[in-house]
Amino acid sequence: MTRLIISLLFCGSWITASAQADSVHVRNKWCSSRDTMVLFTEANNTIQIWSHALKPSEILLKPVDKTLRIGKPDVKGDTISVLAMPYPSRNKPMRLAVLNAKTKKVIKTVDFYSDEVPAPVARGGNIQTGEAQRKDILAQNSLKVAFPRSLYSYPYTIKQYIFKIHTPKGGATIPVNGYYLTRDILTQIKDAPAGTVMEFTDIKATCPECATRVLGDIKLKIK
């Protein structure tokens, strides 16, 4: 009977611990894949933690070793956010322990892996090739910033650009403040014959707490 009671107590505590661990969710806010534990080197990383079973005040965060450093926790609603600074070593995971703030027992340990961030590029909306059907080009409403073949999703925004187009009937050079494709630009695209190549040059982008940077030109051919 004593063994049975001890076993039941152990089983009960294990179920509780497992339930708490399962209820704790961790992600890098600036990773576009919610379930991919990646930290980007020399880039912005914000680890977010939330739980259905624990309040933020009941959670303590602690890097397991020197490959990861975190900033001061910021709590909004049920979510804890910390700035993360990865220092990867030999492709080993960077480990973050989630502890019970009262008992200091580990609830969950999360392994993060590192990835490099490629240089940002500008794109004509969702078009990723150098040519597209006219209707597909006209369906876009803005220029966007992308990180090719990367899950990095820090919010860069186009600040300004110059649109250029040349056709047998003439040409146009339209400077734009902002990221939208203006009505004048869409009219030029609509009236241009198939085979016309348009250009977006002097593209400048910025992001929160970032200096403005110039991105490469876009050349887009109308099919």
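Arg-69 stands opposite Met-85 in β7. This is a predicted model, in which local features need pLDDT of at least 70 and side-chain atom pairs count only at pLDDT 80 or more, while totals for chains, interfaces and linings use all residues. Residues are numbered from 1 along each chain as its sequence is written, and side-chain values use heavy atoms, with hydrogens and water left out.

Start with confidence. The chain averages a pLDDT (the predictor's confidence in each residue, from 0 to 100) of 90. At least 70 is the score of 90% of the residues. Over residues 4–10, pLDDT stays under 50. Where pLDDT is low, the predicted coordinates should not be read in detail.

Now return to β7, residues 79–86. Helices (H or I, at least four residues) and strands (E, at least two) are DSSP runs, numbered from the N terminus. Two strands pair if DSSP finds at least two bridges between them. Strand β5, residues 68–70, pairs with β7 in the antiparallel sense over three bridges. Strand β6, residues 74–76, is also antiparallel to β7 and joined by three bridges. There, Val-75 has Ile-80 as its bridge partner. The β6–β7 hairpin has two residues between the strands, and its Gly-77 takes a positive phi near 65°. Five bridges link β3 to β7, again antiparallel. Ile-47 faces Val-82 across that pairing.

How enclosed is β7? Six of its eight residues are buried, so the strand is largely enclosed by the rest of the structure. Buried means under 20% relative accessible area, exposed over 50%, and partly exposed in between (1.4 Å probe, protein chains only).

Thr-46 belongs to β3, residues 46–51. Thr-46 is buried, at 12% relative accessible area. Beyond four places in sequence, Thr-46 touches residues including Trp-30, Ser-81, Val-82 and Leu-83.

Last, the cysteines. The structure holds one disulfide (a pair of cysteine sulfur atoms within 2.5 Å). Cys-207 and Cys-210 form it, with sulfur atoms 1.7 Å apart. The torsion about their S-S bond is about -65°, so the disulfide is left-handed. Cys-207 is buried at 6% relative accessibility, whereas Cys-210 is partly exposed at 24%. Cys-31 is in no disulfide; the nearest cysteine sulfur, that of Cys-207, lies 17 Å away. Cys-31 is buried, with a relative accessible area of 1%.

Terms used:
Contact means heavy atoms within 4.5 Å.
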